[in-house]
Every structure is written in C-alpha cells, then in structure tokens.
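Biologist: Could you walk me through this model and show me how to read its features?
Modeller: Gladly, let's look at it together.

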Amino acid sequence: MYALVDCNNFFVSCERVFRPDLEGKPVLVMSGNDGCVIARSNEVKALGIGMGTPLFRIRDIIEREHITCFSTNFSLYGDISSRIMSLLSRHTESLQQYSIDEAFLRLDHLNPDECKPYCERIVREIRSGIGVPVSIGIAHTKTLAKVASKFAKKHTGYNGACSILTDEQRVKALSLFPIEDVWGIGRKNFNKMQMAGVRTALDLANHDEQWVSNLFSRPGIATWQELRGVDCIELSDLPEKKSITVSRTFASGITDRRVIESMLADFLVSCCEKLRRQRSVCQQMTIFAMSSRFRTDTPGHYLSSLVSLPQPTSNVQEMLEYMLTAFRREYRYGVPYKRAGIILSQISNGNVVQRSFFDERDRERDGRIQVAFDAVNHKFGRNRLRYAVQSSAEVRKDNFRLEHLSPRYTTSLDEIMTIKV
C-alpha cells in the first residue's frame with residue numbers, strides 16, 4: 001500500500017511559511033531572471049494566469065489584483081523539502097522521494113481502515129511543524145495514489161488525505177479523472193487516447209490487454225495495469241531524461257568572456273548534479289550563447305558548439321576542460337551575449353560504461369574526487385566547494401535579475417529572521 005505525499009503549490013507555500021500575512025492572497029513565483037511564472041497560488045490560478053506566462057504580459061493584472069511576486073529561492077525551497085522528507089521518514093521504513101515536493105511512502109504496516117486517519121495526522125504534523133500544506137493519496141499502486149492525491153488537493157472535504165482502496169472507489173475515481181492528467185500519459189500517448197475516444201482514466205482501464213498492447217509500449221502497459229490495481233511500477237523503472245538543459249537569460253548583454261565562462265561553468269555543474277542524481281552519464285555536450293535578436297545597434301552572434309566526449313562521463317572537472325575549449329574557439333569579442341546554456345545529451349546508465357582501451361585518464365581517481373566534492377557540498381551547503389572558473393556571488397547578482405528574492409531564512413545566518421519583542 002502506498003501513500004503519495006504532494007506539497008500544495010510548493011514554492012508559493014515555502015514563501016508563505018515566513019510570510020503568513022500572504023495566506024489567502026494571490027502569490028506567484030518567477031523563473032530565473034524574473035522572466036515568467038513557474039508557481040502560482042490558488043488565487044492566481046483563479047485569475048486565469050497559466051504556468052510559463054511571461055511577466056511582461058501580466059504586469060497590469062499583477063498591479064490591479066495586488067499579486068505578490070517572488071524571485072526563485074532554491075536555497076529556501078530545497079531546505080524546506082529536506083525537512084519535509086526527514087519528517088516523513090519517521091512514518092515509514094520505505095520512503096522514495098520522487099521530486100522536490102513529492103514522495104511515496106509504504107504503509108504496509110497499517111490496516112486499510114487505518115490509512116486515511118494516519119495520513120490525516122501526517123498532513124496536520126507537516127502543516128503545524130513546517131508550515132507547508134500537503135495532500136496525500138493512498139492506494140495499492142503508485143498511479144492510483146497519484147490520482148487520489150489530486151482529489152485530496154482539489155476537495156477540502158478529504159481533510160488532505162484521499163484513499164482509493166476498494167474496487168468501487170477505484171471505478172468512481174477513474175470515471176471522474178481526465179485521461180490527460182494520468183501519471184505517465186504524455187502528449188504523444190494523449191493524442192493516441194483522443195483518437196481512440198478515451199476521455200477518462202476509466203475508459204483506458206476498461207480496455208482489454210490486447211488493445212493496450214497494440215497501442216502502447218511497456219511503460220504505457222504498466223500504467224494501464226496500475227489503473228486496474230496491479231502494482232508494477234518502480235521509480236527506478238521510470239525512463240531517464242534524454243537530455244538535460246540548464247540555461248539563463250541575463251539582465252543585460254555580457255561581453256566579458258570570463259564572466260560568460262563562469263556562468264557556463266555554473267550551468268555545467270548544475271547539469272552534472274542532475275546527471276549523477278539519476279546515476280547517468282553523457283557523451284555529448286552542447287554549449288550555446290546568443291545575443292539579443294531584438295537589438296540592431298550591437299553586433300549579433302549565435303554561438304553553438306557540439307562536443308563529443310571520448311567516453312561517457314558525469315565528471316565536472318573533465319567536462320569543464322572540453323567546455324572551455326569549445327567556447328573559447330567560438331566566442332566573438334565585443335558581442336553582448338544575452339543568453340547562454342549547456343545541453344547534455346546521449347545520456348546512458350552510469351553503471352554500465354564501456355571503457356576505451358586507449359583511455360589514459362585516471363577515472364577512478366576522478367571519481368573519488370567527485371564523490372568527496374559532492375559529499376562536502378551535501379553536508380555544508382550547495383557550492384560550498386566550487387571550481388575556480390565558477391562565478392562569484394557578485395557576478396551572479398550583477399547579471400541576474402532577482403528583484404523580488406526573499407531571504408534564505410533557513411540556510412544563511414546573515415539572513416535569518418529576526419523577531420522584535
């Protein structure tokens with residue numbers, strides 16, 4: 001039996017922990033460089049503002065509706081996520097974190113009739129102890145638990161916890177659940193569903209195995225089985241990302257080569273962290289930087305360089321060498337670069353890397369250094385250890401627009417909340 005714990009409007013909820021005056025008021029969180037909307041409170045959703053909406057298009061709505069805006073504060077969100085996961089680990093012997101704001105718990109130690117009251121207590125405990133509202137879905141499969149969590153989030157009558165444990169509950173829930181919202185049904189599969197006349201999750205679950213096998217690959221068949229109550233999806237079975245991208249738009253054009261290099265180094269470090277988190281390696285890297293296409297008074301250039309690595313890797317030190325060489329070869333002096341980024345591709349399983357006979361690099365040593373590097377940053381805070389080429393806090397402040405950044409209340413002593421009595 002599974003319980004999926006899903007934090008409600010997580011980034012917004014993190015900001016409200018330290019701004020209780022914003023409860024019930026419209027709040028949104030913006031992407032890097034304050035470019036577009038990446039998190040919305042229910043009040044903002046009710047105004048019709050969608051995810052990814054550029055800020056310049058809704059400035060009049062923000063002013064008219066008195067919407068409070070925040071720049072992305074990943075230090076705060078990551079720390080609060082860690083606290084929530086730590087609290088959840090006390091309630092189960094098996095905790096699988098799925099994302100920054102979601103985790104699956106095994107509840108095999110409970111009887112079915114005990115699960116909902118137990119999860120309602122967890123909801124109250126997280127709310128009172130950390131300040132973040134969560135919704136919990138309870139079911140015999142992960143996919144059904146995701147469905148149940150959506151109902152728990154949407155309807156307050158569930159008190160934060162909804163269970164789908166009987167076949168009657170399953171049929172009723174799936175009949176009310178749109179097929180496009182089912183976990184694992186991507187855009188390609190959704191189009192297939194539309195053409196086949198499948199509108200709800202129950203429509204899919206009611207089809208026979210032969211029909212599903214003709215239409216789907218193995219992951220789609222697993223989703224169908226889970227909707228029918230068969231537990232068959234492990235998080236380790238979920239497909240790895242085919243590519244990983246980190247890019248940013250700068251507050252103004254950057255002509256200084258060293259500054260752009262430091263930014264690209266930051267992006268590469270972040271990409272490699274994501275790569276190692278899913279225990280993968282990559283063999284291709286694309287470095288790109290571009291000037292503003294809207295300016296005609298400055299030199300324009302689109303820099304793009306594809307690097308094929310001699311062997312699949314996730315080691316930052318090795319990849320930095322290739323990145324810097326490729327960038328310096330294509331960089332044009334005097335061009336004000338407005339946007340830059342890193343794309344990792346040809347991603348594969350890091351546990352089955354085929355070594356080259358002619359590879360002279362001491363990869364065992366590199367691996368030990370990377371493990372030690374990661375361990376220090378995990379213990380003492382992100383970027384506590386940095387590569388020399390990476391950007392400083394001053395450079396990031398000068399080149400990223402973060403006009404509405406909240407303090408790092410829980411991770412920086414200089415920004416800790418003060419209380420006057």
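**Reading a sheet and its aromatic pairs**

Modeller: This is a predicted model. Let's begin with a helix: H13, residues 316-330, lies across E10, E11 and strand E12 (337-349). Its direction runs at about 155° to E11.

Biologist: In what order do the strands of the open sheet come?

Modeller: There are four strands, in the order E9-E12-E10-E11, and the pairing is antiparallel. Strand E9 (244-254) and strand E11 (302-313) are at the edges with a single partner strand each, so one side of each has no neighbour in the sheet. From one strand to the next, the twist averages 10°.

Biologist: How many bridges join E10 and E11?

Modeller: Strand E10, residues 280-291, pairs with E11 over eight bridges, in the antiparallel sense.

Biologist: Now the aromatic rings, please. What describes a pair of them?

Modeller: Two values do: the distance of the centres and the angle of the planes. This structure holds 12 aromatic pairs. Take Phe18 and Tyr409: their ring centres are 4.1 Å apart and their planes are at 15°, which is under 30 degrees, so the pair is stacked.

Biologist: Where in the chain do Phe18 and Tyr409 lie?

Modeller: Phe18 is in the loop between helix H1 (10-17) and strand E2 (27-30), while Tyr409 is in the segment after helix H15 (393-399). The pair links distant parts of the chain, 391 residues apart. Both Phe18 and Tyr409 are buried.

Biologist: And what kind of pair do Tyr98 and Trp183 form?

Modeller: That one is edge-to-face, with 5.4 Å from centre to centre and 85° between the planes. Tyr98 belongs to strand E5 (residues 95-99) and Trp183 to the loop between helix H7 (167-175) and helix H8 (187-195), so the pair ties together parts 85 residues apart in sequence.

Biologist: Are these two residues buried or exposed?

Modeller: Tyr98 has 32% relative accessibility and counts as partly exposed, whereas Trp183, at 13%, counts as buried.

Biologist: Which residues form an aromatic cluster?

Modeller: Phe10, Phe11, Phe74 and Tyr77 form one.

Biologist: Which charged residues sit over a ring?

Modeller: Here are two cases to look at. The charged end of Arg106 sits over the ring of Tyr2, 4.6 Å from its centre. Lys142 lies over the face of Phe104, at 5.8 Å from the ring centre.

Notes: Residues are numbered from 1 along each chain as its sequence is written. This is a predicted model: local features need pLDDT of at least 70, side-chain atom pairs count only at pLDDT 80 or more; totals for chains, interfaces and linings use all residues. Side-chain values use heavy atoms; hydrogens and water are left out. Two strands pair if DSSP finds at least two bridges between them. Helices (H or I, at least four residues) and strands (E, at least two) are DSSP runs, numbered from the N terminus. Axes are lines fitted to C-alpha atoms, for helices over the stretch in contact, and angles run from 0 to 180 degrees between N-to-C directions. Contact means heavy atoms within 4.5 Å. Rings of Phe, Tyr and Trp (its six-membered ring) pair if their centres lie within 6.5 Å; planes under 30 degrees apart count as stacked, over 60 as edge-to-face and the rest as tilted. Buried means under 20% relative accessible area, exposed over 50%, partly exposed in between (1.4 Å probe, protein chains only). A charge sits over a ring if NZ of Lys or CZ of Arg is within 6 Å of the ring centre and within 35 degrees of the ring normal.
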